[in-house]
Amino acid sequence: MNDMTDQTLNYYNEKSELFANDTAELEFSDIQDSFLKYLEKGSLILDFGCGSGRDSRYFLNKGYQVEAIDGSHEMVKIASKLTGLNVKQMMFNELDECEKYDGIFACASILHVPYTELSDIFGRLKKAVKKNGYIYVSFKYGEYEGYRNGRYFTDLNEERFQNILNAVQGLSIIEETITSDARKGRENEKWLNVILRKD
């Protein structure tokens, strides 16, 4: 782990209750359903950086199988309680599965990875998802990289995102949308949402 990772994890460990209260009941079905429409009921989804467990709970309630991981041990406790899953504490660069998942959902999670390390993470996601499987990712929209409110962020626009895909190869963009933040009072913050398919 590096200092950026340590500081970001400390933030989530110390503010886990606050963060969960801010996000667990957020209405997010538009994004969730845009991902689920590509997957058959009963498909296995990895919630990659699950936070409060909001998305895992939604997928379970819709009839999907779910595995969930998060780097913060405090968020793991909260997500396990919310979902009933045995959520695993794991760093993103520890993912080492091969063609296991029908879909991977990485909502506002890998945006904490430095830009120079993102191609490695995308390579791991590509390896872990089945052929013709789907990956959803979201990033704050822009070109900023650095600390914001005690956490490390890598913002992406379409060009910066495409540069990562060019380095990884084998993933195609199926949907790419820019949306407003779902949290009240933060509607002016923009997000890049991308659904990818493994070729």
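The model is predicted, so local features need pLDDT of at least 70 and side-chain atom pairs count only at pLDDT 80 or more, while totals for chains, interfaces and linings use all residues. Residues are numbered from 1 along each chain as its sequence is written, and side-chain values use heavy atoms, without hydrogens and water.

Strand β1 spans residues 44–48; helices (H or I, at least four residues) and strands (E, at least two) are DSSP runs numbered from the N terminus. Of its 5 residues, 5 are buried, that is, under 20% relative accessible area with a 1.4 Å probe and protein chains only. In a regular strand, side chains alternate between the two faces of the sheet. In β1, L44, L46 and F48 lie on one side and I45 and D47 on the other, and both faces are covered.

Strands count as paired if DSSP finds at least two bridges between them. β1 pairs in the parallel sense with β2 (residues 65–70) over 5 bridges, with F48 opposite I69. A parallel pairing with β4 (residues 101–106) has 3 bridges, and there L46 has I104 as its bridge partner.

The second largest pocket has a volume of about 200 Å³, the space filled by probe spheres set on grid points that are joined across faces, edges and corners. A pocket is an open set of points on a 1 Å grid over the protein atoms alone, where a 1.4 Å probe fits, with protein on both sides within 12 Å along at least five of seven lines; lining residues have an atom within 4 Å of a point. Of its 16 lining residues, L46, E67, I69, K88 and Y101 are the closest to the centre. β2 provides the largest share of the lining, 4 residues.

Notes: Buried < 20%, exposed > 50% of the residue type's maximum accessible area, 1.4 Å probe, protein only.
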